[in-house]
Amino acid sequence: MRVLLMQDVSAAGVAELDGFELVRGSDPTGFDGVVCFLIDPVDERILATPGLRGLATVSVGLDHIDLAAADRLNIPIAYTPDVLTEATADLTFALILAAARRLGEAERYLRGGRWREWSFDLLLGTDVHGKTLAVIGSGRIGRAVARRAEGFSMRVLAVGRDRAQLEATLAEADFVAVTVPLSDETRHLIGPAELALMKPGAILVNTSRGPVVDEAALADALASGHLGGAGLDVFEHEPEVHPALLEQERAVLVPHIGSATRETRDGMAALACRGLAQILRNERPPNLANPQVWDRRSG
Ligand code: GLV
């Protein structure tokens, strides 16, 4: 059987596909299975490829895949829940700390040769310990961020889907961490009105998907001095970053590296590729994004 790899996958993933013919490319014609990544849009055309029996995405996010089409066309999809939870929560917390303590600015200051002498009020940031953190999204990653916050003696407010709760929490938190998946309901969940509700000097961190936050509005809220900082791992039009955000010294910006540790990426590659191998061998993988498809097939 033939498997199309839409990007290079690490040896840990390749090992799980032992016995299959692997081809790196983008055209699924003639393949039994496809391994894709978050930068590969998977639309109805790909999913309707004659003979395609399954797909695996090396990601926990599924917003690049037309899940409704996969459901209609009965294509089971394996993905990578759980394995990246802790690494992504670590990065979320790193951004909270980096934005609070102005680490990006501080490093640019030092490397730029501007550090002439120590001074008492050089690059003053804000405390993290003892502050209130709102975690928007109470899924696996949100809960892992909350656990870290407790270790920093923070008060944690978990925000679910309730609009009134979101508004009240935004007004109360010193830090807001966005961890919800992208969907029609969460696109621009944090826009000008929500940013205006945040406390003066508060810090926003987003490690979910860029379009959950209105980037232009966030740049405005930083430029006006209303927000004290931001930490962003994800952007609305990756790899483009809104030019107004690039101008904001108080924004810590990193290139979608939430799960980017060697151990975690190997774990993701192995889990996704094992899932696809199981689908192609007619075994039910534990990590199906659309288990109903499998249940229908075998029912
Ligand atoms: C990372 O953003 C993922 O969805 O795995």
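Predicted model: local features only at pLDDT ≥ 70, side-chain atom pairs only at ≥ 80, totals over all residues.

Author: Happy to! The residues around the ligand are Leu38, Ser59, Val60, Gly61, Leu84, Gly258 and Ser259.

Reader: What makes these residues count as being around the ligand?

Author: A residue is included if its C-beta atom, placed from the backbone, lies within 6 Å of the molecule. Leu38 and Gly258 are among those on the list, so they meet that cut-off.

Reader: How do the shell residues divide into nonpolar, polar and charged?

Author: The shell has three nonpolar residues, four polar ones and no charged ones. Gly counts as polar here, so Gly61 and Gly258 fall in that class.

Reader: Now the sheet: how do you know that β1 and β2 pair?

Author: Pairing needs at least two bridges. Along them, leucine 4 has valine 23 of β2 as its bridge partner, while leucine 5 stands opposite arginine 24.

Reader: Why is β2 called an edge strand?

Author: The open sheet has five strands in the order β2-β1-β3-β4-β5, with parallel pairing. Both β2 (21-24) and β5 (77-78) pair on one side only. Helix α11, residues 262-280, packs on this sheet and touches β1, β3, β4 and β5. The direction of α11 makes about 170 degrees with that of β4.

Conventions:
Residues numbered from 1 in each chain as written. Helix = DSSP H or I, 4+ residues; strand = E, 2+ residues; numbered from the N terminus. Contact = placed C-beta atoms within 7 Å. Axes fitted to C-alpha atoms, helices over the stretch in contact; angles between N-to-C directions.
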